[in-house]
Amino acid sequence: MTLRSVTRSVAEACVARLRRPAMAAAGTGLLAAGLALTLPAQAQSPRASGDGAASAEAPAIQINPGDVSADSLISRHQDKPRDPNRGPVTNLPLPRYVSLKGGEGNARRGPSLSHRIDWVFRHPGMPLRVVAEFGHWRRVEDQDGAGGWVHYSLLSGVRTAIVTTDMAELRSRPDANGSVLARAEAGAIVRLHECSIDWCRVSGGGEKGWVPKTSLWGVDPEETRE
């Protein structure tokens, strides 16, 4: 069976760039960012690098390997009544957002290496939504609901988001009247910073600015961040 590719991105070409407005100086850098999943080849080893080993691919978003995700701190709270809105392993909120730490991550049908690989996430920094926990495994979904069980070592607590509005404007302040500093194509993956009820400050490709929260996937409508 040949390897089939399935693109999970709002960008038709699966490549998005963050760029300055036309009146800005020429020669500014572009952030190449896309979001893709592939169906695994039939012969793929169940212990492929996507189950924990770091990928050699350089990330589009620089994530410090020293950043410790709370998902890597396993703690059990068996002596307390279980809160259905918190994970049984980490006691962190469910659902919640994380990001892909390396350049490849296998999403399996169940929480062990013996389960088949349904999807392979292939973009470092892509945001994922954790919806369940079991031991060292987290069930995650992308913006389209595709996903599966991923080993916690492949996930980072660094928050990112996907731009869902084409040519979204990054403004100097969280206000529709703020000056436009840059524009982001739909499908661009950006680093998430502060968020108010309606706006989030994001960065990528050397650019930073405020974007309406409705133009992003990877942050809840009622979520605020300082």
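Modeller: A residue counts as buried when its relative accessible area is under 20%, and as exposed when that area is over 50%, with partly exposed in between. The model is a predicted one, and a search of the whole structure finds 1 disulfide. That link joins Cys195 to Cys200, with a distance from S to S of 2.0 Å. A disulfide is a covalent bond between the sulfur atoms of two cysteines. The angle about the S-S bond is 115°, and the link of Cys195 and Cys200 is right-handed. Since the cut-off for buried is under 20%, Cys200 counts as buried because its relative accessibility is 0%, and Cys195, at 5% relative accessibility, counts as buried too.

As for the setting, the chain has 0 helices and 17 strands, and buried residues make up 46% of its 226 residues. Of the contacts in the chain with a separation of 6 or more, 63% are between residues 24 or more positions apart. The accessible surface of the chain comes to about 11,200 Å², and 50% of this belongs to carbon and sulfur atoms.

Turning to the aromatic side chains, the count comes to 1 aromatic pair. The rings of Tyr97 and Trp217 have their centres 5.4 Å apart and their planes at 90°, so the pair is edge-to-face. Because Tyr97 lies in strand 4, residues 96-100, and Trp217 in strand 17, residues 216-217, the pair ties together parts that are 120 residues apart in sequence. Both Tyr97 and Trp217 are buried.

Some backbone details also deserve attention. Most residues other than glycine have a negative phi, and most peptide bonds are trans. Against that background, Leu94 and Pro95 are joined by a cis peptide bond with omega about -5°, and Pro95 lies in the loop between strand 3 and strand 4. Asn91 lies in the loop between strand 3 and strand 4 as well; its phi is positive, near 65°, and at 30% relative accessibility Asn91 counts as partly exposed. Met167, in the loop between strand 11 (160-163) and strand 12 (168-171), has a positive phi near 55°, and at 28% relative accessibility Met167 counts as partly exposed.

Finally, a word on confidence. The mean pLDDT of the chain is 77, and 66% of its residues reach 70 or more. Over residues 35-48 the pLDDT is below 50, although this stretch has 54 contacts in the model beyond near neighbours in sequence. Residues 72-77 also stay under 50 in pLDDT, and for them the model has 14 contacts beyond four places in sequence. Where pLDDT is low, the predicted coordinates should not be read in detail.

How values were computed: Residues numbered from 1 in each chain as written. Predicted model: local features only at pLDDT ≥ 70, side-chain atom pairs only at ≥ 80, totals over all residues. Heavy atoms only, no water. Disulfide = S-S within 2.5 Å. Buried < 20%, exposed > 50% of the residue type's maximum accessible area, 1.4 Å probe, protein only. Helix = DSSP H or I, 4+ residues; strand = E, 2+ residues; numbered from the N terminus. Contact = heavy atoms within 4.5 Å. Areas by Shrake-Rupley, 256 points an atom, 1.4 Å probe, with all protein chains shown as cover. Phe/Tyr/Trp six-rings, centres within 6.5 Å; stacked < 30°, edge-to-face > 60°. pLDDT = per-residue confidence, 0-100.
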